[in-house]
Amino acid sequence: METNSNAEIQFLNIGKRFGNVWANRDISFSIHRNTIHAIIGENGAGKSTIMKILFGIYTADAGAIKVNSEDVRFSSPIDAMKFKIGMVHQHFMLSPAHTALENVLLVDPKQNAFELYFKKEKIEKIKATAKLYKFDIPWDTPVKDLGVGVQQKIEILKLLCLDNQILIFDEPTAVLTPHEIDELLNQLLELKKQGKTVILITHKLKEVKRIADTITIFRKGQLVGTYPATELDEKEMASKMVGKPVSFEKRSFEKYPDPSVVLDLENVKFTENNKEYLLNFKLHRGEILGIAGIEGHGQEKLIPFILNSKRFNYSGKITILDKDAKSLGPYGARDLAIGVFPEDRLRLGVLPDLKAFQNFILGYQRKPKWFSKGTLDWKKIKNLTQSMFDKFKVEPNNINLDFNAFSGGNQQKIVVARELFHDPEIIIAAHPTRGVDIGAIELIHEQLIIAQEKGKGVLLISSELDELLKLSDRILVIRNGKIIGEHIRSGFSEKEIGRCMLGVVL
Amino acid sequence: MKSFFGFLFGLACALMIIFFAGENPLHILEILVRSSFGSKYDFGLTLFYMTSLIFTGLSVSTAFKSGLFNIGAEGQLNFSAISMVVFATTYPGVTFPGSLLLILLVGILAGAIWGAIPGLLKAYRGSHEVIVTMMLNFVSAGISSYFISHQLQNPDSQNPESAVIADAFRTNSFDFLNKLLPESPVNVFFIVAILTAITMYFFFTKSALGFEMIAVGENPAAAERASISSKKFVVLSLVLSGVLASGAGMNEVIGYSGQYKIGFSPEFGFMGIAVALMSNNHPIGIVANAFIMSVFHKGASDLDIETETITKDFSKIIQAMVLFGVGLQYYLNKYGVNIGWLNKRKKFNQSGSV
């Protein structure tokens, strides 16, 4: 690998092992001063690990790090901070009860226990820094009342006030809306303009393409290479991350000729925890209907309601596959041909401590298919599970492992395989590619498109607008429990949907 | 058999403590073995304890499977026992085949009720099952004390116990196991206990209901999504737990003494917790561990008589060491810790990647 004496940070043959597994192996690359350096790779590729080593959260088992040509060995983040390195974590380190200003004041390492806390010059310095980097922050609002976008700004400001030179961002856009992402990316460019070095860990290639100067790609704990951003396009990046060519084919959007409705919510109204929900939409055969919305705006109630509307005290009418939901038995819509990818697979979809093949019948445990002579026929279940494992290329291909032992992408593949196994007429996919690597994303999208082409109805709930724009025929926006906007494919506009999600009325 | 090394390790620790206490460990082992297997009577008594422990172990483990901690097996078996005695003394005229059926039904119902109370309170009122089952232990003890001291006291006895119920309610007349090991209290319920354990094994591995129960225990939210009502299963599993515990009461009342004696259970309900934990809730493991526990329980009184230092309390330490050993093994397995011969060695694989 290239070694450059001008490099601000140099990694030399870094290795890190967890148990028997190398999370990083023989990693050597350098990061230059005053650049935006993107580090990309699939989940578990080792990109976060190397940055945690740089920030002193982990210590390397092999190799060395040089900062400004000086050998360093950090055993804690405090050491790293002495070298002006700061990190914005995926989960914010803020005190929710304190105001924005107090949170920034809190981090001053020179603060004396007996000194006055709210010193005028300190506050002024903070506000000046904010102004310099064009941060607009409501100083006196408690952090818990602020949106994630603002919280992230406070987090960044904390690092800037410590005069950090090198800023590491760990998946900063994962929690943001399209509008906020836009703002953040501009902010990062601003930081670069002011002379900072920005390291961006991400798997969103579009953002990388937009702002990065240099790209380092990781795959399976190893370095693939470091490239100037101008040399690679998104497709090449993805191929290098996965290790094989990736197709970014879009689906064809010829309207399926069958206009019949598979799922119909007519003026459904219910109240839960003092929050009112108003759901009104139709899902047709052969379409992918996207539901966009900021998380926590009611989409999490959608699946439980459709599956088991009887537990809700609702007005209006819900018809599933031409059956009034009120006429369904105690197993609710589970008796019908409906497949659900839950929004949080570990919490809502599986029994993590049981074996993969045991998980394969969850939700369908009463299907006569599994039984012979009135008892569960595990041999048969295992055979069927194995056939789906082969079809979906689950790795490791071992149905006897605990569900927990699989990586995120493979866990999701198992869930998808289970839900598609019974050939459902309706598929509800909630955040189907969250925390999933590119290979699995491709497979899951492909399955949704196949289902759509076969004339099934697909309801796609997602907070990733890109995913919705790529797949959906129509997009509905949900806000505060109400469905407020419908966007037809021909008139899709990312900005407008984004505004709709934020509740900005035009 | 995973727990076997843990068992040996715990036993070794216990023997070491015995050694430091000034006794010869081999001598203690010899007493333990003689006490539980020495004669037909001794062996029968061991199996009698084992019967009750299988029932309570299954009871506790069934609750564990659906994520509940039933520490009320003691109260459940107690309530079931007193209910059966009350029934048999109230209707002494019922004739043979029906009488046995009815008293079994009463016993099962009583156990079910004592399990349903915490179940319903947990499912629909959110009361924690540990608190409720624990309190119900005292309630059931109070109820039985009331009946024995005010209604049913055996006039021919100085002990707090009821009169013996009619033979029609008991299994003694046709009990082949009892004839095989004469004088000893072991009875047909030993067979019933083994069969129950096997049934529970098939229930949890082969039926959709059993699978759903495990699902509720593993992940209630996911179970709810799979249209399994976790509330229903909280009640169901505690009812089942109560019914299983009532088997220990039947073992005493129908199978052996035919009367309610205050203190007939040396806390079988609580020993059942240990049995269930030792066997990691596996029904067949429960049979094996119930046997181990009953051997130690039986040996405890003989150790008290035959040695200087090992009192009844001291033998509890021996039991505890064995329990710790088994528990240690369980956690080592679960978290993949490798300590020499305690675990199967896993190959250290350097070439693995993320």
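Me: Start with contacts. How many residues of domain 2 of chain A are in contact with domain 3 of chain A?

Reply: Two residues are in contact if their C-beta atoms, placed from the backbone, lie within 7 Å. Here 13 residues of domain 2 of chain A are in contact with 10 residues of domain 3 of chain A. On the domain 2 side, helix α14 (residues 438–453) of chain A gives the largest share, 5 residues. Helices (H or I, at least four residues) and strands (E, at least two) are DSSP runs, numbered from the N terminus.

Before we go on, some ground rules. This is a predicted model: local features need pLDDT of at least 70, side-chain atom pairs count only at pLDDT 80 or more, and totals for chains, interfaces and linings use all residues. Residues are numbered from 1 along each chain as its sequence is written, while chains are lettered from A and ligands numbered from 1 in the order in which they are written.

Me: Where are the domains of chain A?

Reply: Domain bounds come from an automatic or database domain assignment. For chain A it gives domain 1 (9–242), domain 2 (259–337 + 425–506) and domain 3 (343–422). The C-alpha centres of domains 2 and 3 of chain A are 25 Å apart.

Me: What is the mean pLDDT of chain A?

Reply: pLDDT is the predictor's confidence in each residue, from 0 to 100. Chain A has a mean of 85, and 96% of its residues reach 70 or more. Residues 1–5 of chain A stay under 50. Where pLDDT is low, the predicted coordinates should not be read in detail.

Me: Now sheets. What is the strand order in the open sheet of 6 strands of chain A?

Reply: Two strands pair if DSSP finds at least two bridges between them. The order in chain A is β6-β7-β8-β3-β9-β10, with mixed pairing. Strands β6 (85–88) and β10 (222–228) of chain A are the edges, each pairing on one side only. From one strand to the next, the twist averages 15°. Look inside the sheet: β7 (residues 166–170) and β8 (residues 197–202) of chain A pair in the parallel sense over 5 bridges. There, A:D170 has A:I201 in β8(A) as its bridge partner.

Me: Which strands does helix α6 of chain A lie across?

Reply: For angles, axes are lines fitted to C-alpha atoms, for helices over the stretch in contact, and angles run from 0 to 180 degrees between N-to-C directions. Helix α6 (residues 178–193) of chain A lies across β3 (36–40), β7 and β8 of chain A, at about 150° to β8(A). Helix α8 (residues 234–242) of chain A lies across β3, β9 (214–219) and β10 of chain A, and runs at about 30° to β9(A).

Me: Why does A:K158 count as buried?

Reply: Count neighbours. A residue is buried if 20 or more other C-beta atoms lie within 10 Å of its own, exposed if 12 or fewer, and partly exposed in between; C-beta atoms are placed from the backbone. A:K158 counts as buried because it has 22 C-beta neighbours inside 10 Å. A:K158 is found in helix α5 (residues 148–161) of chain A. Leaving out residues up to four places away in sequence, A:K158 touches A:V104 and A:V107.

Me: Which faces of strand β16 of chain A are covered?

Reply: Both faces of β16 (residues 338–341) of chain A are covered. A:I338 and A:V340 are buried on one side, A:G339 and A:F341 on the other. Strand β19 (residues 426–430) of chain A runs parallel to β16(A), joined by 4 bridges. A:G339 stands opposite A:I427 in β19(A).
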